Structures are given as structure tokens and as C-alpha cells.
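Below is a short note for a colleague who has not seen this structure before.

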Amino acid sequence: MPEVAVRELTFAQAVREALAEEMRRDPRVCIFGEDVAEAGTPFKVLSGLVEEFGRERVLDTPISEAGFTGMGVGAAMTGLRPVVDIMFGDFLTLTMDQLVNQAAKVHYMSGGNWKVPMVLRTTLGATRRSAAQHSQSLHAWLSHVPGLKVAMPSTPYDAKGLLKTAIRDDNPVVFFEDKMMYKLKGPVPEEDYTIPFGVAEVKREGQDITIVATSSMVQVALGAAEMLEKVGLSAEVIDPRTTWPLDEKTLAESAKKTSRAIVVDEGYGRYGVTGEIASVIAEGAFYSLDAPVKRMGAMHVPIPFSPPLEDMTVPTEQMVFEAARAMCGKG
Amino acid sequence: MSVATDQARVVDGVKAEQWTRIYRRMVMIREFEEQVNELYTRALMPGLAHLYIGEEAVAVGICEALRRTDYITSTHRGHGHCLAKGASPDRMFAELLGKEAGYCRGKGGSMHIADPATGNLGANAIVGGSAGIATGAALSSKRLGTGQVTVCFFGEGALGQGVLYEVMNLAALGKLPVIYVCENNLYNEYTHYSETTAGDMLARGAAFGVHAESVDGQDVRTVYGTAQRLVGRARKGEGPAFLVCNTYRYMGHHVGDINREYYRSKQEEQEWKAKRDPIKNFAEWMIAQKVADTAALEEMHKEVRAEMKAAVEFAIAAPYPKPEEAEQGVYA
Ligand SMILES: Cc1ncc(C[n+]2csc(CCOP(=O)(O)OP(=O)(O)O)c2C)c(N)n1
Ligand SMILES: [Mg+2]
């Protein structure tokens, strides 16, 4: 059979394709958010959807994050499958009651009588020169709450597959897209596929050290792995893809094999995703570890605007490379 | 500056020199913003900025009615508010470029300029994000008996945020000296306000017993006159007000919003610029009233432009903060 070249899409196009395919498949799927219709969001991720599906299904809202997220919860309980758009992850703070006290608890608190099949798509990631209220990565907050699922795609392929899974899930899912990754290209099959939640992917195999990375930090970890290869170290890069459910087994197995692990995530380190994953590894691979698991996250400050300062706040390939090399005793 | 006319003369209850100062402030804001746009197009400015061009009469008319010690809170489209309250352009440009000499040591950028010396509690990049802060400042002034008034600037998009109604209720209950100034420039980003705002805007304030009115935000004299009255009420303890200023932004939502025809027509933009320009119309009035002559106004434009250019040069030459700065100031 002749080999078919795999089509490449950007991360943004992959998100849009997943939405369009799900909206064609299921008329209950609809989108609410600010400037989602003709504007297609400020990041242009949704361009073209209103033209195909109309303004009833791609609904521009007022700047009322708490209100329309709550509306998403109620609509999800009663027959629609809304995908709520929160432009910047920083604005999640405004939706917190709706997500944490309402969406996350409805199924359990009602003894299973009600379901909330809602997706809330939002963004994370710094270095866009947008200062402290438009640069945060707040996914740890939601990962903390029982009843919510949290997906964090790191490639266009994962974005399409994970978003389809999110839309088909009967639970509230918070879906984080790295806004600096929207233009990243990668292979995305045209056909329908889903990626199960709670299944990590080994993005690169290695023997000497495990680097667990999420979302924006996966590319950084892969870059660091290449640098490590040049100094004779083989790094295994693992992307959990969902912070909840979390594939604890794959993470621990890898650390058992390599005996060292670094966790890199763009959220804050303190009480964060890196801390959780580090302890999962410590518990699951304790007797195989040669060193304490290292955590690398955003610097513990509100993200500064000034470019030279902002660039210091996020882990880079160089920082991960140096940390890994030091852990392997070749520092 | 050369001003040919008698500047001590009183016209419409205000000295000519004050009208001239008001005019100069509006020109300053426009020229400042032109330079910001230039910095963006020359790729000298990190990130984006939301320009205030077209809306100058609102900030200037309101702030002219305030004392230096009165408070303001501002928005993502905040350069005009800062300048109108008395901030200096060189330190503002330095902030926009992320330099140490900036008002926030480069850590805030365009959307977060704050300046205690001029009563500026800060610009805010969260729509509606400063409504609580403004109301709290008014509570302090009342409790501490300082006589200060607070103006909370926001765009009509912020009418979508529930917090605004919570604080209006609080302000009315406490008779707080705060004025909620809604700059209705017709668009919430790329969506016309009529698609996001149901019912009667003013009724939203009136429902809480907050004094509510609207003005032509392109007419600096009306804005100033109204602001004087509302600030006077607030200062006397007569309570909060909600003022809708009808205005228009000439440029994109931000400097990168160039192709706008999918949400508003070029013709609409042209009409506002041709018929309702706050600077042009005020200049015509000043000339007709012999508050100034054409030559003096032209001269003023030149001077202000040169000042703005010098301020930009200062900012470009200024150093970035030192790396240690990143971790400083998280806590007081
Ligand atoms: C809570 C919140 N939601 C969304 C945004 C994104 N956003 C920035 S400006 C803007 C539109 C604001 O419109 P308006 O309040 O009318 O102010 P204008 O830009 O017209 O001056 C939006 C939606 C934000 N900054 N904060
Ligand atoms: Mg507006």
C-alpha cells in the first residue's frame, strides 16, 4: 500500500476540528463564550464555526464569566453538551463557584441523579508579555477538586483526541490549552479518534532519567532530552495528558526504570501539580530512586511584564537540561 | 507656549487658561497613544496595548473635576486616565517597555500602571476588576474623613460583571463618595454592546438608588460640567453616582486589531472621526470663543508631540530591571 503522508495541523486547527466534528456528530454540543462567534476568539481558535453552526450553537456572551459558566452547568444537566470558552485561564477565578461548588458536586451530591456533561476550555502559559493577570497557569486549582477532570494536551494530535473525549465524557472537564502553542504544528489524522483520560504517553523513551512534563512544558522537556543526549544521557519524557485522572502507574514504572525523576509544569510549584506528581513517584518508586524527585515550575511570583524578568519565571530547556545533568551526577 | 489670547478671561464660567490646559491634556493623550502605536508597529514594545484615541474627553473632563488626592481606578484601556490624573509620559512609556524607570518598575506594563502620587490606585486587566477597589477606597475616605472622592472608570463591557452591581448596592447603602464612570465606546472587544447589554443601562444604577445619568463623552465641556456636579455631590456626602459617557474608540480593540470590518464599518469610524472628534470640536469652540487661535493650537500640538517623542526616547534608553527584581515585592 502506498504510504499516505500524514496531514499537519496547528494546535488551534486541531482544537477547532475536534469541535466541528463533535458538533456535526451531536446536535446537543454548543459553545458559549466572549467573542466566540464572528471573532472566533481573540486567538482565532474558533474561526469558521459560527458560519457552519449558526449563532444558536456558537453563542457570544456578555463579559459574565460566572453567569455563563453557571448557565453551562444548568444546560449540561438538562440536555445540552456545552463547551464553555474562558479566554484567559486567569479569568477562571471568576467561574470558581460555578465550577467548584456547582459543576463538580452536582453528580455526587444528588446521589447520582444529575450529570454535568460540560467542558470548559481555557488557556494557560506565560511569556506572551501580558503581565500578571493574563499569564497564569491555574490548572492545579481545578485538579484539586473531586468531581472535575482536567486535560492538558501538549500536541495538536492530543488536542483533537482529548477534546473529543472531554466532550463525550458525562462529567465536567476543564481543558487547558497553552496559548503559546496555538501555532505549533503536528500530524493530526483526519479520521475520528479519541484519547482516553488517565493514560500517560511516553513521548520519548530513555534509560537514565524520567522527565514528567505537562502541556507547555512537554516541548521544553523534549528539547532538554535532546541536549542531554548530546552529553550521553538518555532521558525518558512522559506526558500524563490529564492531571486528573492521573496515570500513576506509568509515572512510577518509568521512575523505577530510570531511578531519577524531574517533574516540569508551568503552574506554581508550591502546593502544585509538580508536588502531587513527585509524591506519586516517590510513593510508587521509592526503593528504586537514586535521588529525591525534583520539581520545576513557575517562579513564585505574579508573572512580571518586563520581558527579561518574565523569561526567568518559566522553566526553559536549558534549566531542565542542567537540573537533569546534575541529578545524573554529570553536572 | 505662545498663546495669543487673554488667558485670564472667563468663558462659560471657566478661565481661558483652564480651557487651554484641558485642551492640552487631550492632545497629550492623543499624541501619547500615537507614539504607543508607533512603538508597536516598529516592534519596540513587548505585548499589546489598548489605545484611548477618540475617548480623550472622558478622562480629561472627569479628572479635571478631581483633586490630585482624589482616587481613580482604571482599566486595560487606561493610558488616558493615568495622563489625565497627572502621570508623566516618560515613566509611563518606560513602564510600557518594561523598564526599571517605569511606574511599576516594569513589572506591570500597559495594563497595570499605578501611581500613588496622583491618586491612581491602578489600571486593571480584569474587566470589572477594580469596582471593588474603587468602592473600598470610597469607604476609607468616608471613614477617615479625608474628603476624597473616587472615580471608577470602566468600559460598558464591565456591565456584564456581577461584582459591579454588588458594589453599587454597597455604595448606595453606605452613601459612599464614589462615581462609577462607564465609558460606552459601543464595543466589548469585537462585539457591539447591544448584543451583550439588555434593557436600560442607566436603570441599572437607578435600581440601587444610585444617581444615574449619561453625557456626550465627546464633548469635554459637558463631561467636565457634569463631573463637577457629581464630584461635588459625592464630596458633600450625598452619595454615589453612575455616569455613562457615550464615546468611541478610533483604533482597534488593541494595537494588533487592524482588520475590523467584520464587526464595524469603516464608514462608522469615519463618521465619528469627522463629526464627533473631541479635540477638533473643542478646538473649534475655543477659537470661536477666542480662548485660543489656530496658530497657538497648532504650536501646542507641535510642542506636545516633541515632548512625547522625548519621553519615548527616554524610555527606549532606560535600562531593564535587574534580574533580582523578579522576586522582589511579592509581599509588602
Ligand atoms: C473578566 C474578564 N473577562 C474578559 C476579559 C478579556 N477582555 C479584555 S478587554 C475586553 C472587552 C472590554 O470591553 P469594555 O469593558 O467595553 O472596554 P473597552 O475595551 O471597550 O474599553 C475583554 C472581553 C478580561 N480582561 N477580563
Ligand atoms: Mg467598550
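**Notes on salt bridges and a strand**

1. B:R276 is partly exposed, with a relative accessible area of 29%; buried means under 20%, exposed over 50% and partly exposed in between, using a 1.4 Å probe and protein chains only. Its side chain meets that of B:D216 in a salt bridge, 2.9 Å from N to O. A salt bridge here is a side-chain nitrogen of Lys or Arg within 4 Å of a carboxyl oxygen of Asp or Glu. B:R276 lies in the loop between α9 (266–275) and α10 (278–288) of chain B and B:D216 in strand β8 (residues 211–216) of chain B, so the pair ties together parts 60 residues apart in sequence. B:D216 is partly exposed, at 30% relative accessibility. Helices (H or I, at least four residues) and strands (E, at least two) are DSSP runs, numbered from the N terminus.

2. On the basis of the note: this is a predicted model, in which local features need pLDDT of at least 70 and side-chain atom pairs count only at pLDDT 80 or more, while totals for chains, interfaces and linings use all residues. Residues are numbered from 1 along each chain as its sequence is written, chains are lettered from A in the order in which they are written, and side-chain values use heavy atoms, leaving out hydrogens and water.

3. B:E31 and B:R305 form a salt bridge, with the closest N and O atoms 2.9 Å apart. B:E31 is in helix α1 (residues 16–41) of chain B and B:R305 in helix α11 (residues 294–317) of chain B, so this pair ties together parts that are 274 residues apart in sequence. B:E31 is buried, at 8% relative accessible area, whereas B:R305 is partly exposed at 37%.

4. Which residue forms a salt bridge with A:R55? The partner is B:E195, and the closest N and O atoms are 3.1 Å apart. A:R55 lies in the loop between α2 (49–53) and β3 (58–60) of chain A and B:E195 in the loop between β7 (191–192) and α7 (201–206) of chain B, so the pair joins two chains.

5. Over all chains, a search of the whole structure finds 48 salt bridges.

6. Strand β4 (residues 150–155) of chain B has five of its six residues buried. β4(B) pairs in the parallel sense with strand β3 (residues 71–73) of chain B over three bridges, and with strand β5 (residues 178–184) of chain B over six bridges; pairing requires at least two DSSP bridges between the strands.
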